[in-house]
Amino acid sequence: MDTPIYPALITKALETVKYPGNGKSLVENEMVEDDIRIDGRKVSFSLIFEKPTDPFVRSVVRAAETALKTYVTADIEPTINVKYRKEPAPAPERPLPGVKHIIGVSSGKGGVGKSTVTANLAVALAKKGYKLGVLDADIFGPSMPKMFGVEDEPLYMVNQEGRDWIEPVQKYGVKMLSIGFVVDKEQAVLWRGGMASNALKQLITDAWWGDLDYFLIDMPPGTSDIHLTLVQTLPITGVVVVTTPQPVALADARKGIAMFMGDKVNVPILGLVENMAWFTPAPHPEERYYIFGEGGGVKLAEELNVKLLARIPLVADIRSHSDDGDPVALQAEADGKTSGNAEAQAFMDLASEVVKAVDLRVSTLPPTEAVKVH
Ligand SMILES: Nc1ncnc2c1ncn2[C@@H]1O[C@H](COP(=O)(O)OP(=O)(O)OP(=O)(O)O)[C@@H](O)[C@H]1O
Ligand SMILES: [Mg+2]
């Protein structure tokens, strides 16, 4: 007569099976679920593994079957179900699923204040109550960590929906990640295109950005592989182009705008920001010196039929606040009106114009599609 099979026999047999990942038995690892069913010679239960990519799943199941036949009875008929502790999150249909509007901040020429505008625009929009994210994609000169005063901040991972994600740094109501967190400035320029692009894609798709109203990207100056990566990875709602009033900067801004409005890349221009439009010395706030020429940005906007979103003066305050890691826009009042600080006010006004420009763009043009590679 057959001796009866009972659960303790099963467990005892499974105690002899070691999980190769750590050399401990399946029982010790708590991999045997408490769901053993016995019906005559038929036995079923579940083994729990960490994740579906565990390389030992098949070999462990086989070893368990062998152990049951060896230590319980040779004519046992086992059914072993495999379960996982962490079901992987399904890949999102598109990157940044919780983000409403993606705005590129771009310039033709370097050093015109693109990063200054990005940081202050982000802070100003956050002050107005919007949920903000900033991605510093300028591999040639990542400056968001400095402007947000988080240069030495370590990066943390966060577990959401069953997997680990990079957690953006939070400061001034803005979530921020910079390519500068992942690579040294000196190294970055030496990186071959693909490496920098991949690192950047990770900051977009492997980070837990969550729900955001606006996602600003500080793009590298001019045109580069990085621009291509960005327009291929993300459906960019529109681009804000920053220029200074002098002819060299304007000529480069024109080229930058042409790149976004070409046949292959079709990203709408939200408008132009004329930065360093005039110099105002701190002791004489009413004075304006047009040291880079007067109204270059205004004329370019007219010529190209794009909106002039703001004219930002050149004032010492803007630079020093950026260098200190607290963008000048933080000085503004939340209602955007009662600020005594004209520079902060200028960025609050820019934020209002950007909100309007995005609304107009969304209501008049079809959504941007990420550029396909052929
Ligand atoms: N309106 C302004 N008034 C005073 N200083 C400014 C203004 N705009 C930018 N700056 C200063 O000019 C310098 C260059 O600005 P910023 O780094 O924002 O330019 P960028 O276009 O991002 O440059 P890069 O091409 O190097 O990334 C910085 O020191 C910044 O603080
Ligand atoms: Mg910059």
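Where in the chain is the place of Phe140? Phe140 sits in the loop between β5 and α4, where helices (H or I, at least four residues) and strands (E, at least two) are DSSP runs numbered from the N terminus. The structure is a predicted model, in which local features need pLDDT of at least 70, side-chain atom pairs count only at pLDDT 80 or more, and totals for chains, interfaces and linings use all residues. Residues are numbered from 1 along each chain as its sequence is written, while chains are lettered from A and ligands numbered from 1 in the order in which they are written.

**Overall architecture**

- The protein contains 12 helices and 13 strands.
- Its radius of gyration, taken over C-alpha atoms, is 29 Å, whereas a compact globule of 374 residues would have a value near 21 Å; the globule rule is 2.2 Å times the number of residues to the power 0.38.
- Along the principal axes, the C-alpha atoms fill a box of roughly 105 × 45 × 40 Å.
- An automatic or database domain assignment supplies the domain bounds, dividing the protein into domain 1 (24-84) and domain 2 (99-364).
- The C-alpha centres of domain 1 and domain 2 are 56 Å apart.
- Of the contacts in the protein with a separation of 6 or more, 74% join residues 24 or more positions apart; two residues are in contact if their C-beta atoms, placed from the backbone, lie within 7 Å.

**Burial and nonpolar cores**

- Buried residues account for 40% of the 374 residues. A residue is buried if 20 or more other C-beta atoms lie within 10 Å of its own, exposed if 12 or fewer, and partly exposed in between, with C-beta atoms placed from the backbone.
- In soluble globular proteins, nonpolar side chains tend to be buried together.
- A nonpolar core is a set of buried Ala, Val, Leu, Ile, Met, Phe, Trp, Tyr and Cys residues joined through C-beta atoms within 7 Å.
- The largest nonpolar core has 84 residues, and the members that touch the most others are Leu121, Ala122, Ala124, Val240, Phe347 and Leu350.
- Helix α12 (residues 342-364) gives this core its largest share, 9 residues.
- A second, separate core has 17 residues, including Ile10, Val17, Met31 and Ile76.
- Leaving aside residues up to four places away in sequence, Ala124 touches Ala329, Ala332, Phe347, Met348, Leu350 and Ala351.

**Surroundings of ligand 1**

- The shell around ligand 1 holds 20 residues, of which the closest are Gly110, Gly113, Lys114, Ser115 and Thr116; a residue is near a molecule or strand if its C-beta atom, placed from the backbone, lies within 6 Å of it.
- Elements that contribute two or more residues to this shell are α3 (114-127), β12 (269-279), β13 (308-314) and α11 (316-324).
- By type, the shell comprises 7 nonpolar, 10 polar and 3 charged residues. Ala, Val, Leu, Ile, Met, Phe, Trp, Tyr, Cys and Pro count as nonpolar, Asp, Glu, Lys and Arg as charged, and the others, Gly among them, as polar.

- Phe140 is partly exposed because 15 other C-beta atoms lie within 10 Å.
- Ala137 is found in the loop between β5 (132-136) and α4 (144-147), and counts as buried because it has 27 C-beta neighbours inside 10 Å.
- Not counting residues up to four places away in sequence, Ala137 touches Ile179, Leu200, Ile217, Asp218, Met219, Pro220, Ile226 and Leu230.
- Ala137 and Leu203, 66 residues apart in sequence, are 9.3 Å apart from C-alpha to C-alpha.

**Positive phi values**

- Most residues other than glycine have a negative phi, and most peptide bonds are trans.
- Leu96 has a positive phi near 55°; Leu96 lies in the loop between β3 (77-84) and β4 (99-106) and is buried, with 20 other C-beta atoms within 10 Å.
- Tyr172 also has a positive phi, of about 55°; Tyr172 lies in the loop between β8 (169-171) and β9 (174-178) and is partly exposed, with 19 C-beta neighbours inside 10 Å.

**Exposed positions**

- Asp2 precedes α1 (7-14) and is exposed, with 8 other C-beta atoms within 10 Å.
- The C-alpha atoms of Asp2 and Thr73 are separated by 9.3 Å, although the two are 71 residues apart along the chain.
- Glu303 belongs to helix α10 (residues 296-304) and is exposed, with 10 other C-beta atoms within 10 Å.
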